[in-house]
Amino acid sequence: MLGKPNRAGIIAALDTPEVARAEGWARTVAPHVGMVKVGLELFCAEGGNAVRRVAAHRPVFLDLKFHDIPNTVAGAVRSVCALRPAMLTLHGGGGSTMIAAARRAAEDALGEARPAILAVTVLTSFSTEGLAETGVNGGPAQQVLRLARLALDAGADGLVCSPHEVSRLRDAFGDGPLLVVPGVRPVGAERGDQARIATPEDTVAAGADWLVIGRPITAAPDPGAAAAAIAASLAGR
Ligand SMILES: O=C(O)c1cc(=O)[nH]c(=O)n1[C@@H]1O[C@H](COP(=O)(O)O)[C@@H](O)[C@H]1O
C-alpha cells in the first residue's frame with residue numbers, strides 16, 4: 001500500500017468524459033502533482049481504459065465512492081483491484097461491515113500491494129443546512145468525526161473530508177490516518193458547488209496529506225501552469 005507522503009501533495013481530479021482530454025491533463029500536470037484522480041464522470045464513460053491510460057503518467061486515485069451492501073462492495077473492490085489503483089473511496093455512511101468487507105477484499109486480491117481504502121465522511125458540497133435536509137443534525141464537523149471513528153475502527157486507511165475538519169481529525173486521531181481533502185480553492189478561484197472550502201496553504205497547514213483539486217486546474221487556460229502555481233505555493237510547507 002502507498003505510504004503517507006513526506007510532504008502534502010496535490011491530486012489532480014480529471015473530471016471529463018473524454019479519455020484523450022484526461023490523458024492530456026495528466027501528462028501536463030504530472031510534473032507538479034503526486035497523483036491523478038479518476039472519478040465517476042470519466043469512469044462511467046471510459047471504464048478501466050481511462051485508469052490504464054492516465055496511470056502511465058501518475059499513480060491513480062480511483063474515486064467511485066462505493067456505497068452498497070458489504071458483499072457487493074467487496075466484489076466491486078475485487079474488480080477494481082485489477083486496475084491497481086493507489087487509493088479508492090467508499091462512503092463511510094455504508095457502515096463498518098461494508099468497510100471491513102472492502103478492506104478484506106483488497107487484502108485478498110493484492111496483499112501488501114493493495115490500494116489504500118479511504119472513507120468519504122461528509123461531502124464537501126454539504127453545508128449545515130444541506131446536511132440537515134438528509135436527517136443529520138448538528139453540522140458537518142460532528143458527523144465527520146462520527147464517521148471517521150467508525151471507518152478507522154473498521155479498517156479504513158484514511159478519510160476524505162473538507163479543509164474545515166482536518167485539524168479536528170488530527171487532534172482526534174493523530175498523524176496515522178491519510179487525510180485526503182477536496183474543497184480546495186486558491187484565492188480568487190470560483191467556489192462552484194463546494195460549500196466547505198479553504199486555500200491550499202491553509203489546508204496543508206491544518207494537516208492534510210493530499211489536496212484534491214479539479215476545476216481550479218482543469219478549467220484554467222493553462223492547466224499545467226495552474227498546477228505549477230499551486231505546487232509552488234506549497235513549496236517548503
Ligand atoms: O471523494 C472525493 O474526491 C470528493 C469528496 C468530496 O467530499 N468532495 C469532492 O469534491 N470530491 C471530489 O473532489 C473533486 C473536486 O473537484 P473541484 O471542485 O473541481 O476542485 C471532484 O472530483 C469531486 O468528485
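Of the 19 residues around the ligand, which come nearest? In this model, which is a predicted one, the residues that come nearest are Ala13, Thr124, Pro182, Gly214 and Arg215. If we look at where the shell around the ligand comes from, strand β8, residues 210-213, and helix α10, residues 215-218, each supply at least two of its residues.

Let me turn now to Lys65, which UniProt lists under "active site", with the caution that the entry is unreviewed. Lys65 is found in strand β3, which covers residues 60-66, and, leaving aside residues up to four places away in sequence, it touches Thr89, Leu90, His91 and Val120.

Most residues other than glycine have a negative phi. Lys65, although it is not a glycine, has a positive phi of about 45 degrees, and Arg84, which is not a glycine either, has a positive phi of about 55 degrees. Whereas Lys65 lies in a strand, the place of Arg84 is in the loop between helix α4, residues 70-81, and strand β4, residues 87-91. Arg84 also counts as partly exposed, because it has 17 C-beta neighbours inside 10 Å.

Technical notes:
Residues numbered from 1 in each chain as written. Predicted model: local features only at pLDDT ≥ 70, side-chain atom pairs only at ≥ 80, totals over all residues. UniProt positions renumbered as here; feature names shortened; annotations may be inferred. Helix = DSSP H or I, 4+ residues; strand = E, 2+ residues; numbered from the N terminus. Contact = placed C-beta atoms within 7 Å. Near = placed C-beta within 6 Å. Buried ≥ 20, exposed ≤ 12 C-beta atoms within 10 Å, placed from the backbone.
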